[in-house]
Amino acid sequence: MSPLLANIYLHELDRYMESNYLNLPQWRRQRRRAEGKANFLYVRYADDFIVLCNGRKEEAFQMKEELATVLDQMGLVLSKEKTKVTHITEGFDFLGYRVIRSIGTKGKMIPKVLVPEKAIKRFCHEIRRIFGPSSMNESVKARMLAANRFMRGWCEYYRCTNSPGVVFTRLRPEVFWGMAHWLGRKYKSSMPEIMRKYYVEGNTFQYKSVRLDMPDKYKAKRFVAKTWHNPYTEKERVKEEKDRVKRESLPTYDKIWTGHEPRPGWGDIREEFLLNSDLICAICGKPMTHYEAHVDHKIARATFKNPTDADRPGNLQVICTDCHRAKTKIDRKVLSRKP
């Protein structure tokens, strides 16, 4: 609810900035500069916003006080601790990016969008959590899939920054050795043995059909900047959906799947059984692909005193989706009749 309420309530702030500073014609902006006055740019995302000023430091502080007054009239208070005035050469963080103006490759001062150091530290922390010592009972497949999913989301978010390949290459050893030491702890093997068994071409690891991706797999993506219209204050109605403002969601680390399985080790058991099967449904005889097949227990797992005994190859079979649903209904009816 918070972002929605912020967009509704701060609509008046958008209108104030647009009418007073943003929608000025070019001649008006040039005249303000000739008079020694600053021009401003304003960007807001939910309740976070920045104001860029091309004038003196005093004018930036005046704008801060002006915004505080406007918000006060709306019944809001501008946080003095979080609201800072910084020079563009010092940079600032906004929406998970580091925005700064520094010297480019041609020796001129240019604006840059970088990956913040705190985002890199969070990446390393999350990779260490995925390959943590407490997950030794989980399957290798689950660990690799969890790492791949996390890296894909993180790297896709930062592909449009300046020189992301430098950051992605820097993070490769964190992922590579995190996986290597996790395999070593799980199987109580030495590094040479782990490399001999799981290392594959491309300087990564592979376990059966699952391959561990590396951050430097994701290449830089050019961001084509164009003018976006504010859908809340725009006078003309947007005709096409593609012209609407596209809002990105910030990467969150609270609900990331770290490879934890409800049944530890089942991913590896399933993977190995499928690789040794002909992928034909044991009930209806339908041929399937690797991703369509279900590994089912012939005798329901809940009937075993020791549930791990149910995972032996003799009690497993490959069936299709329809047969798996039908058999599950029958198994549940049988189990519900037991006293």
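User: Which residues have the most contacts inside the largest nonpolar core?

Analyst: This is a predicted model. Its largest nonpolar core has 37 residues. Helix 5 (117-130), helix 6 (140-157), helix 7 (164-187), helix 8 (191-198) and strand 7 (204-207) each supply at least two residues of this core. Those with the most contacts inside the core are Trp154, Phe205 and Leu212.

User: Is Phe205 buried or exposed?

Analyst: Phe205 is found in strand 7. Buried means a relative accessible area under 20%. The value for Phe205 is 0%, so Phe205 is buried.

User: With which side chain does the side chain of Ser135 make a polar contact?

Analyst: Ser135 lies in the loop between helix 5 and helix 6. Leaving aside residues up to four places away in sequence, Ser135 touches Ile130, Arg143 and Trp182. A polar contact needs N or O atoms within 3.5 Å. At 3.4 Å, the side chain of Ser135 makes such a contact with the side chain of Arg143.

User: Is Ser135 buried or exposed?

Analyst: The cut-off for buried is under 20% relative accessible area. Ser135 has a relative accessible area of 6%, so Ser135 counts as buried.

User: What is the relative accessible area of Ala293, and is Ala293 buried or exposed?

Analyst: Ala293 sits in the loop between helix 9 and strand 9. Not counting residues up to four places away in sequence, Ala293 touches Arg270, Leu274, Leu279, Met288, Val318 and Ile319. Because its relative accessible area is 2%, Ala293 is buried.

User: How far apart are the C-alpha atoms of Ala293 and Thr321?

Analyst: Along the chain, Ala293 and Thr321 are 28 residues apart.

User: Which element supplies the largest share of the lining of the second largest pocket?

Analyst: The second largest pocket has a volume of about 310 Å³. Of its 16 lining residues, the closest to the centre are Val295, Asp296, His297, His324 and Thr328. Helix 9 (266-275), strand 9 (294-297) and helix 10 (321-336) each supply at least two residues of the lining. The largest share, six residues, comes from helix 10.

User: How many residues of the lining of the second largest pocket are charged?

Analyst: The lining of this pocket divides into nonpolar, polar and charged residues. Five are nonpolar and four are polar. The charged residues number seven.

Conventions: Residues are numbered from 1 along each chain as its sequence is written. This is a predicted model: local features need pLDDT of at least 70, side-chain atom pairs count only at pLDDT 80 or more; totals for chains, interfaces and linings use all residues. Side-chain values use heavy atoms; hydrogens and water are left out. On a 1 Å grid over the protein atoms alone, a cavity is a set of points where a 1.4 Å probe fits but cannot get out, and a pocket is an open set with protein on both sides within 12 Å along at least five of seven lines; lining residues have an atom within 4 Å of a point. Grid points are joined across faces, edges and corners, and a volume is the space filled by probe spheres set on the points. Helices (H or I, at least four residues) and strands (E, at least two) are DSSP runs, numbered from the N terminus. Ala, Val, Leu, Ile, Met, Phe, Trp, Tyr, Cys and Pro count as nonpolar, Asp, Glu, Lys and Arg as charged, and the others, Gly among them, as polar. A nonpolar core is a set of buried Ala, Val, Leu, Ile, Met, Phe, Trp, Tyr and Cys residues joined through side-chain atoms within 4.5 Å. Buried means under 20% relative accessible area, exposed over 50%, partly exposed in between (1.4 Å probe, protein chains only). A polar contact is a pair of N or O atoms within 3.5 Å; within protein, one must be able to donate a hydrogen and the other to accept it, and residues adjacent in sequence count only if both atoms are side-chain atoms. Contact means heavy atoms within 4.5 Å.
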